[in-house]
Amino acid sequence: MMARRPRHSIMLIGAGILAVLTGGIATLALWPQSVPPVPATVAATVPPPPFVAVPAPPPPAALPMPQFTAFLDRLRAEAATKGLNPATLDQAFAGLIPDPEVLDLAGVQPEYVKTAGEYLTLLVSDTRLDNGRLKLQEQAATLAAVEATYGVDRHIVLAIWGIESNYGAGMGSRRVIRSLATLAAFDTRRPDFWRGELVAALRILQSGDTIAENMAGSWAGAMGHTQFMPSTFAAHAVDFDRDGRRDIWASIPDALGSTANYLKVSGWVAGNPWGFEVVLPANFDFALSAPGQTKPWAQWQALGVAQARERALPATLGPLQLLLPAGARGPAFLASANFRAILRYNNAVSYALAVGHLADRLAGGSTFLKPWPGDDRALAKADREDLQRRLVAGGFGSGAVDGVIGSGTRAAIRAFQKAKRLPEDGHPDLALLERLRQEVQ
Ligand code: CA
């Protein structure tokens, strides 16, 4: 999941959906050289149904069966070159028909969006906190063993479980083979990605880690308690309970161990926090929140930055990136390399912040000191496109006008803010758009 491979395309859809849902907080390349542009799990990039304010779609049209059958036949013909036995495919494809709903879901780009504050409030809810505290007790032995084995804070592992599947209550009930075969056969935007995931899923069945009936997941094929894509499973899933199978659907130890393993491989440093809230001094230079402007804690302190709530910080902390998810008026955070490891799971700042904050709260920490700006509103799709169009027209950027606020759009916003002597926080909001409308016709 870590290479710049065909997955680039899925980021555009997966993280793109989150980007618009979170007001464009996603796909922010904080560490441009090392953060892959692609989320580890596709479903993770798409908030669970309760958070998607999308009107009920019309019933999907049936998909043409001959095209589907022809696709399956082509895959059968290549099976041997992909290490798949004919029997595996015969079993997996028996009676298989395409699922038109997943194709519709893959094409959704919601009109309505959420700010980072709204997203965090929904994800780090009282219910998720209460359930998390229960799981902290129930799964204490597993969480302790996972933490000891991989060096990843148990609260972080627990928080990812809570956000990905509500601690296993919402793992997705679609047959993964059906979803991925449908997408591979009919989604013309990224057929190679889906085909690769389908092959990876078929290999899982062939290996005996689970059976087709139990291989359930999201519309995009993200599977089990912590919503691994099949290729992530292939690379990082572990048999933590040592029963001979990597079963992230039925075995909580396997799922949590696999998640911790993935974070460890992604660079998690034991003993370090993901980051923490900070208080910025008056007349602070908000340009320091630009991606790549990392500094050690001592340097931030020298600039007048203080912890919002005092805690002992380890000497291993390393460089810290300033985050302003709601712009200069909202809470500010310094994020460590462990935050980057969470971003490997899902390259969206709001997601990683929600994981980190849920973990802190489950560990007994308190809410953020600074409230989210109550009047912060995410821009509607037409406004996001208008913003991008005017930035390009004004000579502040050259990116695509696609309504997805990524690192390119943010850089263009910063350039505009710098030219107009505004706080350079890169945050897209209505005030900024109004200013742009005045300045750029
Ligand atoms: Ca197992």
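Predicted model: local features only at pLDDT ≥ 70, side-chain atom pairs only at ≥ 80, totals over all residues.
1. In H10, Val 176, Ile 177, Ser 179, Leu 180, Ala 181, Thr 182, Leu 183, Ala 184, Ala 185 and Phe 186 are buried.

2. The buried set is His 155, Ile 156, Val 157, Leu 158, Ala 159, Ile 160, Trp 161, Gly 162, Ile 163, Glu 164 and Ser 165. You'll notice that His 155 and Glu 164 are on that list. The length of H9 checks out as well: at 1.5 Å a residue, the 12 residues of the helix (residues 154-165) should span 16 Å, and the end C-alpha atoms are 17 Å apart, which agrees.

3. Two backbone spots are worth checking by eye. Tyr 167 is not a glycine, yet has a positive phi of about 60 degrees. Tyr 167 belongs to the loop between H9 and strand S1 (174-175), and with a relative accessible area of 6% Tyr 167 counts as buried. The other spot is Gln 227, also not a glycine, with a positive phi of about 55 degrees. You'll find Gln 227 in the loop between strand S2 (216-217) and helix H12 (230-236). Gln 227 is buried, its relative accessible area being 3%.

4. On to the sheet. Four strands make up an open sheet in the order S4-S3-S6-S5, with antiparallel pairing. Strand S4 (306-307) and strand S5 (321-323) stand at the edges with a single partner strand each, so one side of each has no neighbour in the sheet. S3 and S6 are antiparallel and pair over four bridges, and there Glu 277 stands opposite Phe 333 of S6. Between S5 and S6, also antiparallel, there are three bridges; Gln 321 has Ala 335 in S6 as its bridge partner.

5. Which way do the S6 side chains point? Ala 332 and Leu 334 go one way, while Phe 333 and Ala 335 go the other, and all are buried.

6. Now the aromatics. By the ring-pairing rule, the count comes to 17 aromatic pairs. One of these pairs is Trp 274 with Phe 333, at 6.2 Å centre to centre and 45 degrees between the planes, which is tilted. This pair links distant parts of the chain: Trp 274 is in the loop between helix H13 (252-265) and strand S3 (275-279), whereas Phe 333 is in strand S6 (residues 332-335), 59 residues apart. Both Trp 274 and Phe 333 are buried. Phe 368 and Trp 372 also pair, this time edge-to-face, with 5.9 Å between centres and 80 degrees between planes. Phe 368 is buried and Trp 372 is as well. Put together with Phe 339, these residues give one aromatic cluster: Trp 274, Phe 333, Phe 339, Phe 368 and Trp 372.

7. Elsewhere, there is a charge over a ring. The charged end of Lys 295 sits over the ring of Trp 300, and the distance to the ring centre is 5.6 Å.

8. Last, the calcium ion. Which residues supply the protein donors of the calcium ion? They are Asp 239 (OD), Asp 241 (OD), Asp 243 (OD), Arg 245 (O), Asp 254 (OD) and Asp 254 (OD), at 2.2 to 3.0 Å from the ion. Along the sequence, the donor residues follow the spacing D-x1-D-x1-D-x1-R-x8-D. Why is the arrangement irregular? The six donor atoms around the calcium ion subtend angles of 48 to 161 degrees, and that range makes the arrangement irregular. Keep in mind that water is not among the atoms, so sites may look incomplete.

Technical notes:
Residues numbered from 1 in each chain as written. Heavy atoms only, no water. Phe/Tyr/Trp six-rings, centres within 6.5 Å; stacked < 30°, edge-to-face > 60°. Buried < 20%, exposed > 50% of the residue type's maximum accessible area, 1.4 Å probe, protein only. Lys NZ or Arg CZ within 6 Å of the ring centre and 35° of its normal. Pairing = 2+ DSSP bridges. Donors = N, O, S within 2.8 Å, 3.2 Å for Na, K, Ca; no water. Tetrahedral: all angles 85-135°; square planar, octahedral: opposite > 155°, others 65-115°. Expected span 1.5 Å × (residues − 1).
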